[in-house]
Amino acid sequence: MAHFTLPIPEQSTEECGRGHACGFCPLEQECRLDKQAHNKTLIEARLESIDQIVLVLANKGGVGKSTVAANLAAGLGARGFRVGMADADIHGPNQSRFFGFTGARIRVSERGLGTKDYADPAMAHDLRVGSLAFMLQDDETPVVWRDAYKHDFVHHLMGSFDWGPLDFLIVDMPPGTGNELITLADLLEGCNVSALLVTTPQAVAQMDSLKAARFCLERGMPVVGCVENMAGVTCPHCKGSFHIYPDAGLGEQLDRLGIPSIAKLPLDPALAAGSDDGKPLVLNPAIEPAVATAFAQVVDACASLGRADFGGAVARTLDEVFEKNLEDADLEAALAGMHGPVRDSVRRTLAQILHEESRRLHGASGGSEESQ
Ligand SMILES: Nc1ncnc2c1ncn2[C@@H]1O[C@H](COP(=O)(O)OP(=O)(O)OP(=O)(O)O)[C@@H](O)[C@H]1O
Ligand code: SF4
Ligand SMILES: [Mg+2]
């Protein structure tokens, strides 16, 4: 049952405080508030409580975006991060199945659309899943939406789902560089957002995936790296490894674009079985070592985004604190009692400490002073 107990403010300039878009509001007809302003405030508030957003994408269909996204989300969860999984694939939402929520429906409350929360003993926090699949009549209903609705859906996905505070929101993108990607790139401008590229080794998949990478680079969205999926397979009988797809020189292409190759994920029937059964393989202790290593590399690369920004944020805060203190009236008053040259020397020493500490933190975060 939905609960709507908040009163509607009477002034059109007031904010109603509801955590969902007006389209989900039972009061929409009678409400006279500024609905556009409400929807904008809603998205801003949600994004403010999400530290890092990672879009998992490839221009091409079927290369393993959803598989990588689900296992990345679960892998980050197993490292103790608070993680959400946003399924932005309107036509083929898979994350409900990958986390065992096939057929589940959601509630709308004052806080927003309820996510489905996936629990596992390996994860300190439940993983929050938001998907269009939770809003369909049934899982077989095909979605035939015009672009305007798609635009709205992407807004609802980010703004109306009750994500809560998150360290990472992983977004499973549909194939292509169409409406959903452009809308998201616009919506997330100014946020800590990165793209994770997925491709398979053959030339046709690479060509399409690299198009998606170029789109991100043109939009100024950093690409954390590329996962080469279905890169080799181990024979279950003789245990020898071989490649199904020809290698079309992905490494050189990535080098040219300045995108790191972060992992080679082999074909593994257990990966598909884990997705079908609603339990990401990365949480299964019986995972093949080569698959575990590949996912650990993907998780490491994304986890470092959070740490890099944390280090950078601390360094920037320290800069500000020291800057303020050096001009602070109390500090100046304390320095005023000192003999001239001593005062100048103390001031210089403080500035030096600030400078060195700031440099150390920038170094630890992998950034450079010039880029901060
Ligand atoms: N490394 C792998 N080993 C075995 N099966 C895999 C692997 N990667 C993906 N698959 C399987 O391949 C199929 C397609 O994967 P997935 O749905 O993740 O691709 P996608 O890029 O998200 O597709 P779409 O473009 O339709 O969204 C799924 O059945 C998945 O289980
Ligand atoms: S219609 Fe929109 S602005 Fe009005 S009460 Fe509902 S959510 Fe708030
Ligand atoms: Mg998919």
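# Close-up views of a predicted model

Buried residues account for 37% of the 372 residues in this protein. Keep in mind that you are looking at a predicted model. Its chain is built with 11 helices and 11 strands. Take the contacts in the protein with a separation of 6 or more: 77% of them come from residues 24 or more positions apart.

**View 1. Around ligand 1.** How many residues surround ligand 1? There are 19, and the closest are Gly-61, Gly-64, Ser-66, Thr-67 and Ala-272. Sort the shell by class and you get 7 nonpolar, 9 polar and 3 charged residues.

**View 2. Around ligand 2.** Here 11 residues sit around the ligand. Which of them come nearest to ligand 2? They are Cys-16, Cys-22, Cys-25, Cys-31 and His-38. By class, this shell holds 7 nonpolar residues, 1 polar residue and 3 charged ones. Remember His-38, because the next view, of helix α1, shows that this residue is one of the buried ones there.

**View 3. Helix α1, one side in and one side out.** Helix α1 covers residues 35-48, which is 14 residues. Within α1, His-38, Leu-42 and Arg-46 are buried. Look down the axis and the buried residues fall within an arc of 65 degrees, so they line one face of the helix. Here's the handy rule behind that: an α-helix has 3.6 residues a turn, so residues three or four places apart point the same way. What is exposed on the other side of α1? That side has Gln-36, Glu-44 and Glu-48.

**View 4. Glu-44, up close.** Stay on helix α1, where Glu-44 has its place. Is Glu-44 buried or exposed? This residue has 11 C-beta neighbours inside 10 Å, and that is why it counts as exposed; the cut-off for exposed is 12 or fewer. Now find Leu-187, which is 143 residues away from Glu-44 along the chain. The C-alpha atoms of the two are separated by 9.5 Å.

**View 5. Helix α2 and what follows.** Helix α2 has 14 residues, so at 1.5 Å a residue it should span 20 Å. Its end C-alpha atoms are 20 Å apart, which agrees. How many of the residues in α2 are buried? The count is 14 of 14, and the helix is mostly covered. Just after α2 comes Gly-80, with a positive phi of about 95 degrees.

**View 6. Met-230 in strand β9.** You'll find Met-230 in strand β9, which runs through residues 223-234. Phi of Met-230 is near 60 degrees, a positive value in a residue other than glycine. Why does Met-230 count as buried? It has 24 C-beta neighbours inside 10 Å, and the cut-off for buried is 20 or more.

**View 7. Inside the nonpolar core.** The largest nonpolar core has 82 residues. Which of them touch the most other members? They are Val-56, Ile-170, Val-171, Leu-197, Val-298 and Cys-302. Zoom in on Val-171: leaving out residues up to four places away in sequence, this residue touches Ile-53, Val-54, Leu-55, Val-56, Ala-86, Ala-88 and Leu-184.

View 8. Met-207 lies in helix α6, residues 203-218. With 14 C-beta neighbours inside 10 Å, Met-207 counts as partly exposed. Met-207 and Ala-58 are 149 residues apart along the chain, and their C-alpha atoms are separated by 9.9 Å. Now move to Gln-253, in helix α7 (residues 250-257). Gln-253 has 19 C-beta neighbours inside 10 Å, so it counts as partly exposed. Which residues does Gln-253 touch, not counting those up to four places away in sequence? Its contacts are Gln-206 and Leu-210. Gln-206 is 47 residues from Gln-253 in sequence, and 8.7 Å from it in space, C-alpha to C-alpha.

Notes: Residues are numbered from 1 along each chain as its sequence is written. Chains are lettered from A and ligands numbered from 1 in the order in which they are written. This is a predicted model: local features need pLDDT of at least 70, side-chain atom pairs count only at pLDDT 80 or more; totals for chains, interfaces and linings use all residues. A residue is near a molecule or strand if its C-beta atom, placed from the backbone, lies within 6 Å of it. Ala, Val, Leu, Ile, Met, Phe, Trp, Tyr, Cys and Pro count as nonpolar, Asp, Glu, Lys and Arg as charged, and the others, Gly among them, as polar. Helices (H or I, at least four residues) and strands (E, at least two) are DSSP runs, numbered from the N terminus. Two residues are in contact if their C-beta atoms, placed from the backbone, lie within 7 Å. A nonpolar core is a set of buried Ala, Val, Leu, Ile, Met, Phe, Trp, Tyr and Cys residues joined through C-beta atoms within 7 Å. The expected span of a helix is 1.5 Å times one less than its number of residues. The arc is that of the directions from the helix axis to the C-beta atoms.
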